[in-house]
Amino acid sequence: MRAEDLLQTHTLWHRDTVHLRLAGELDLATVPLLQAAAANAMNTHPRRLDLDLTDLTFCDTTGLRALHQLTHQARTAHIHLRLTGTHPRLHRTLTQQHTPPTPHTPTTLRY
């Protein structure tokens with residue numbers, strides 16, 4: 001199965017905002033698709049990047065790292081990144097302080 005079959009990215013530009021929607025699974029195989037779509041979006045120098053995760057069905061630790069890297073890249077480029085449609089479990093994982101993993105820390109999130 002191809003990465004494009006597992007994750008679709010949809011980008012819409014509106015004035016100074018780019019809306020990037022992910023649908024499917026974010027993991028080792030599909031992170032490059034997110035990185036490419038985000039790079040294309042940020043190369044247009046928007047003021048804001050809205051990343052819609054409503055249709056994200058799975059995210060592993062590679063996907064989480066990619067989301068954290070995207071946050072850093074947006075901050076460095078002075079682009080306001082806004083995550084929308086995050087599943088409550090993913091939201092909690094993304095907003096936790098950086099703590100060492102424990103046996104109870106999920107490494108994959110399936111919705």
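Colleague: Which residue in E2 is the bridge partner of Trp13?
Modeller: The bridge partner of Trp13 in E2 is Val18. This is a predicted model, in which local features need pLDDT of at least 70, side-chain atom pairs count only at pLDDT 80 or more, and totals for chains, interfaces and linings use all residues. Residues are numbered from 1 along each chain as its sequence is written, and side-chain values use heavy atoms, with hydrogens and water left out.

Colleague: In which sense do E1 and E2 pair?
Modeller: Strand E1 (residues 7–14) pairs with E2 in the antiparallel sense, over eight bridges. Two strands count as paired if DSSP finds at least two bridges between them. Strands (E, at least two residues) and helices (H or I, at least four) are DSSP runs, numbered from the N terminus.

Colleague: And which residue takes a positive phi in that hairpin?
Modeller: Arg15 does, with a phi near 55°; the hairpin has two residues between the strands.

Colleague: How many bridges join E2 and E3?
Modeller: Nine bridges, in the parallel sense, with E3 spanning residues 48–60. Thr17 has Arg48 as its bridge partner in E3.

Colleague: What unit do E2, H2 and E3 make?
Modeller: A right-handed β-α-β unit, H2 being the helix of residues 31–42. Right-handed means that, with the strands pointing away from the viewer, the path from the first strand over the helix to the second runs clockwise.

Colleague: Why is E2 described as largely enclosed by the rest of the structure?
Modeller: Because seven of its ten residues (17–26) are buried. Buried means under 20% relative accessible area, exposed over 50%, and partly exposed in between (1.4 Å probe, protein chains only).

Colleague: Changing topic, how many salt bridges does a search of the whole structure find?
Modeller: Five. The criterion is a side-chain nitrogen of Lys or Arg within 4 Å of a carboxyl oxygen of Asp or Glu.

Colleague: Which residue forms a salt bridge with Asp55?
Modeller: Arg21, with the closest N and O atoms 3.1 Å apart. The pair links distant parts of the chain, Asp55 in strand E3 and Arg21 in strand E2, 34 residues apart.

Colleague: And what does Asp50 meet in a salt bridge?
Modeller: The side chain of Arg82, at 3.0 Å, N to O. Asp50 lies in strand E3 and Arg82 in strand E4 (residues 80–84), 32 residues apart.

Colleague: Is Asp50 buried or exposed?
Modeller: Asp50 is buried, with a relative accessible area of 3%, whereas Arg82 is partly exposed, at 36%. Salt bridges that share partners join Arg48, Asp50 and Arg82 into one network.
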